[in-house]
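Work through the exercises below with the structure in view. Each task is followed by a solution in steps.

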Amino acid sequence: MNANDAVVRQRIRQRLLQAGIAPTIQRLEIGRVVLQGPIHISADELYQHLRDNSFPISRATIYNTLKVFVEKGLLREVIVSAERVFYASTTAPHH
């Protein structure tokens, strides 16, 4: 891990703590992907991204973590259809 990675992880850790979320290893890694900048991502895309980057994680952990992030206001759930749900890091109204 380089110095920049450590800064990013610390920033994510602080956001989770401020939201009242315990910063587990899995939550920090998911946060690193979805909380660094504007993103729209599905749970399956997130799962594949983490697996492609050699981070072993279950789909259940991803879904549970995304749910917590939404409940705590860190992400917004965008329901396109029953089969298509995305998570947006921009929680304010936008196009």
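**Exercise 1.** Determine how H3 and H4 are oriented to each other in this predicted model.

Solution. Step one is the geometry: the axes of H3 and H4 come within 10 Å and cross at roughly 125°. Step two is the class of the angle: roughly perpendicular covers 65 to 115 degrees and roughly antiparallel begins over 145. H3 and H4 are therefore oblique to each other. Step three is the hand, and the crossing of H3 and H4 is right-handed.

**Exercise 2.** Which residues of H3 and H4 meet, and how do they divide by class?

Solution. On the H3 side the residues are Ala43, Asp44, Leu46, Tyr47 and Leu50. On the H4 side they are Arg59, Ile62, Tyr63 and Leu66. Sorted by class, this contact of H3 with H4 has seven nonpolar, no polar and two charged residues.

**Exercise 3.** Describe how H2 packs on H4, and which residues meet.

Solution. Begin with the positions: H2 spans residues 25–34 and H4 spans residues 59–71. Their axes are 10 Å apart, at an angle of about 70°. H2 and H4 are therefore roughly perpendicular to each other. The crossing of H2 and H4 is right-handed. Next, list the contact: Gln26, Arg27, Ile30, Gly31 and Val34 come from H2, and they meet Thr61, Ile62, Thr65, Leu66, Val68 and Phe69 from H4. Divided by class, the contact of H2 with H4 holds six nonpolar, four polar and one charged residues.

**Exercise 4.** Work out the orientation of H2 and H3 and the make-up of their contact.

Solution. The axes of H2 and H3 cross at roughly 110° and come within 11 Å. That angle makes H2 roughly perpendicular to H3. In the contact, Glu29, Ile30, Val33 and Val34 of H2 meet Leu46, His49 and Leu50 of H3. The classes here are five nonpolar, one polar and one charged.

**Exercise 5.** Which members of the largest nonpolar core touch the most other members?

Solution. The core has 23 residues, and those with the most contacts to other members are Ile30, Val34, Leu46, Ile62 and Phe69. Two or more residues come from each of H1 (3–18), H2, H3 (43–52) and H4. As background, nonpolar side chains in soluble globular proteins tend to be buried together.

**Exercise 6.** Ile57 and Ser54 are found in the loop between H3 and H4. Decide for each residue: buried or exposed?

Solution. The cut-offs are under 20% relative accessible area for buried and over 50% for exposed. Ile57 has a value of 7%, so Ile57 is buried. Ser54 has a value of 66%, so Ser54 is exposed. Beyond its neighbours within four places in sequence, Ile57 is in contact with Gln26, Ile30, Tyr47, Leu50, Arg51 and Ile62. Ser54 has a positive phi of about 60°, although Ser54 is not a glycine.

**Exercise 7.** Where is Leu75, and is Leu75 buried or exposed?

Solution. Leu75 lies in the loop between H4 and strand S2 (76–81). Its relative accessibility is 4%, so Leu75 counts as buried. From C-alpha to C-alpha, Leu75 and Gln10 are 19 Å apart in space, and they are 65 residues apart in sequence.

How values were computed:
Residues are numbered from 1 along each chain as its sequence is written. This is a predicted model: local features need pLDDT of at least 70, side-chain atom pairs count only at pLDDT 80 or more; totals for chains, interfaces and linings use all residues. Side-chain values use heavy atoms; hydrogens and water are left out. Axes are lines fitted to C-alpha atoms, for helices over the stretch in contact, and angles run from 0 to 180 degrees between N-to-C directions. Helices (H or I, at least four residues) and strands (E, at least two) are DSSP runs, numbered from the N terminus. Angles under 35 degrees count as roughly parallel, over 145 as roughly antiparallel, 65 to 115 as roughly perpendicular and the rest as oblique. A crossing is left-handed if the near helix is turned anticlockwise from the far one by less than a right angle, and right-handed if clockwise. Contact means heavy atoms within 4.5 Å. Ala, Val, Leu, Ile, Met, Phe, Trp, Tyr, Cys and Pro count as nonpolar, Asp, Glu, Lys and Arg as charged, and the others, Gly among them, as polar. A nonpolar core is a set of buried Ala, Val, Leu, Ile, Met, Phe, Trp, Tyr and Cys residues joined through side-chain atoms within 4.5 Å. Buried means under 20% relative accessible area, exposed over 50%, partly exposed in between (1.4 Å probe, protein chains only).
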